[in-house]
Structures are given as C-alpha cells and as structure tokens.
Amino acid sequence: MNALAAAPDTSTVQAEAVYELANVGKTYARNKVVALEGVSLTLEKGSFSSVIGSSGCGKSTLLKIMAGLLPPSTGRVVLQNDPVIGPRRDIGMMFQHATLFPWLTTVENIVLPIEIRDGRAAAQQAKTRAHDLLDVVGLKGFEDVYPNELSGGMAQRASICRMLITEPAVLLLDEPFSALDELSRDMMNMELQRICAEQHATAFLVTHSIAEAVILSDHIYVMKPRPGRLAEIVTVDLPRPRTLDMITTPKFGAIVDYIRQLLDKGAEL
Ligand SMILES: Nc1ncnc2c1ncn2[C@@H]1O[C@H](COP(=O)(O)OP(=O)(O)OP(=O)(O)O)[C@@H](O)[C@H]1O
C-alpha cells in the first residue's frame with residue numbers, strides 16, 4: 001500500500017534537516033549489551049516522528065543519546081549543524097511523570113528552566129510568556145496553585161509549558177502520557193499535535209502504543225531488538241490536523257495492522 005514506505009524516505013531531501021543521526025550504536029560497557037546498532041535517521045523541521053518497538057529494543061537509549069545525556073559508542077548525532085556532545089539548550093524533554101517541584105507554583109515551575117539558565121530577573125520576565133503558554137494548554141486560572149492541586153493530565157500540560165518556555169528546536173518525548181487514563185491521553189495527544197503545529201516544533205516520541213504513534217506521526221521508526229536497530233520507517237499520510245475519529249477509519253486500521261505485523265516479525269528474531 002502506498003501509505004507505507006518500505007525504505008527510508010528519500011523523497012523529502014529538500015526539507016530542512018534538524019536532527020541527523022549517522023550510524024549510531026551503543027554498547028553498555030558494564031554488561032556488554034549491544035543496545036543499539038547502526039541507527040541512522042534524519043528529522044525534518046516541523047515533523048513529528050515516533051519510535052516504537054518491543055521492550056528492551058533500545059528506544060530509551062536512543063532518546064538519551066539524542067538528548068546528549070548518554071554518549072554513543074559509535075556514530076554521530078548532529079542537531080542544527082552542531083554535534084550533540086552533552087545536554088543542550090535547544091533540546092526540550094518530557095518524561096512519563098510530570099516531575100514538577102511541589103514547593104513551586106505552576107508558573108514558577110514553568111519558568112524554572114529560564115531561572116536556572118539566565119537568572120531570576122529573566123525568569124520574572126518570562127512569566128508573561130508562561131501565562132500565554134498556560135492559556136494555550138487550557139490552564140488559565142491555575143498559574144498560582146501548587147502541583148498537588150493539579151490532576152495528572154493538568155500536571156503534564158504544565159510540563160509541556162515548561163518544555164516550551166525555552167523555545168527548544170526539538171522536543172524529545174519519552175512516553176509523556178502513558179501514566180494517564182485513556183481518555184486524558186487521547187485529549188493530551190490532540191493538544192500536543194495542536195501545540196506542535198502552532199510552534200512549528202520538531203518532535204520525536206517514544207511510545208509503546210501503535211495507535212498513538214499513528215495518530216500523531218508523519219514517520220514511525222519501527223525498531224527490532226537484540227541488537228536494537230531500525231527495521232523500517234513507516235510514513236503515515238493521513239491528513240492533518242488528525243482527529244480522534246480517524247482511529248476508526250480503514251486506512252488507520254491498515255497502518256496499525258502493518259506496524260503490528262512488523263513488530264511481531266521483529267519479536268521472532
Ligand atoms: N544503564 C544500562 N546499563 C546496562 N545495560 C542497559 C542500560 N540501560 C539499558 N540497558 C540495556 O540496553 C537494552 C536497551 O534498553 P532500553 O532501556 O534502551 O530499551 P527500551 O526499548 O527503551 O525498553 P522499554 O520499552 O522496556 O523501556 C536492554 O537490553 C537493557 O537491558
């Protein structure tokens with residue numbers, strides 16, 4: 001089927017490359033586990049990509065290497081033409097749990113990265129932007145409450161604002177909504193899509209959910225385990241903006257089935 005590209009997509013080389021990984025590999029010295037082997041990929045500006053694969057196939061390792069939190073054993077990672085050799089200001093990250101500081105209000109949590117980076121006066125100035133972001137994610141009126149007064153979904157919305165306040169070039173998302181109930185998760189995914197489109201953000205999501213990957217992504221990187229490597233890049237050509245009712249369409253179902261088959265094949269290896 002045409003919606004599915006069996007090989008890395010070379011038809012869009014004109015688009016601006018933001019992230020480039022070339023032959024990235026990782027062997028953990030302690031237990032000699034080859035977690036990743038020969039991973040090469042390019043993320044284009046404004047694109048949304050996901051990585052999916054069975055447990056232990058190296059997704060988190062890949063994300064940590066992209067974030068500069070873990071050095072690769074082989075290969076190189078380049079972001080905006082600069083090699084990634086450590087944590088960077090132009091990388092925004094979001095994890096499964098919101099990790100807001102309980103002694104800071106919502107708005108204080110959001111401007112914290114600015115305070116750490118540029119000092120208290122800059123953080124004070126950034127509060128206007130923080131209020132705007134809170135408005136975008138539907139948290140107007142919750143600026144001055146403490147995290148224990150926010151629901152799980154609201155705390156993740158605040159985390160999105162904290163990630164966006166530094167205007168990162170790329171968003172690295174490690175299962176950000178997997179701790180939420182299904183309804184909240186669907187809603188947050190639609191919010192994430194809207195925010196990414198508004199900010200023209202380049203996003204890379206680790207997920208265990210095929211449906212989540214399909215509803216959000218332009219490209220899905222399917223990984224195989226032992227050693228972790230890219231098996232295939234699936235291009236999702238559903239129109240944008242994506243809506244939750246697309247989940248019930250035959251085309252959506254066909255893409256999900258195709259990825260499930262790829263993952264089943266990977267598990268057999
Ligand atoms: N710090 C570490 N030291 C040694 N081995 C590690 C370390 N972190 C991960 N590994 C190993 O590397 C492989 C890939 O792990 P990784 O956490 O990247 O996989 P994953 O796809 O994110 O898994 P999951 O979906 O379960 O979160 C696994 O075999 C794991 O045991």
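Tutor: A crossing is left-handed if the near helix is turned anticlockwise from the far one by less than a right angle, and right-handed if clockwise. The model is predicted, so local features need pLDDT of at least 70 and side-chain atom pairs count only at pLDDT 80 or more, whereas totals for chains, interfaces and linings use all residues. Residues are numbered from 1 along each chain as its sequence is written.

Student: Is the crossing of α2 and α3 left-handed or right-handed?

Tutor: Helices (H or I, at least four residues) and strands (E, at least two) are DSSP runs numbered from the N terminus, and on that basis α2 covers residues 106-118 while α3 covers residues 120-136. The crossing that these two helices make is right-handed.

Student: At what angle do α2 and α3 pack?

Tutor: Axes are lines fitted to C-alpha atoms, for helices over the stretch in contact, and angles run from 0 to 180 degrees between N-to-C directions. Under 35 degrees counts as roughly parallel, over 145 as roughly antiparallel, 65 to 115 as roughly perpendicular and the rest as oblique, and α2 and α3 are therefore oblique to each other. With their axes 8 Å apart, they pack at an angle of about 140 degrees.

Student: How many charged residues are in the contact of α2 with α3?

Tutor: Two residues are in contact if their C-beta atoms, placed from the backbone, lie within 7 Å, and among those that meet are E115 and D118 in α2 and R120 and K127 in α3. Ala, Val, Leu, Ile, Met, Phe, Trp, Tyr, Cys and Pro count as nonpolar, Asp, Glu, Lys and Arg as charged, and the others, Gly among them, as polar. The contact of α2 with α3 divides into 10 nonpolar and 2 polar residues, and the charged ones number 4.

Student: Which residues of α4 make the contact with α2?

Tutor: Helix α4 (residues 152-164) packs with α2 at an angle of about 30 degrees, their axes being 7 Å apart, and the crossing is right-handed. From α2 the contact takes T106, N109, I110, L112 and P113, and from α4 it takes A158, C161 and R162.

Student: What is omega for the cis peptide bond joining R240 and P241?

Tutor: The peptide bond from R226 to P227 is cis, with omega near -10 degrees, and P227 lies in the loop between β9 (219-224) and β10 (229-235). P241, in turn, is placed in the loop between β10 and α7 (250-268). The bond that joins R240 to P241 is also cis, and its omega is about 0 degrees.
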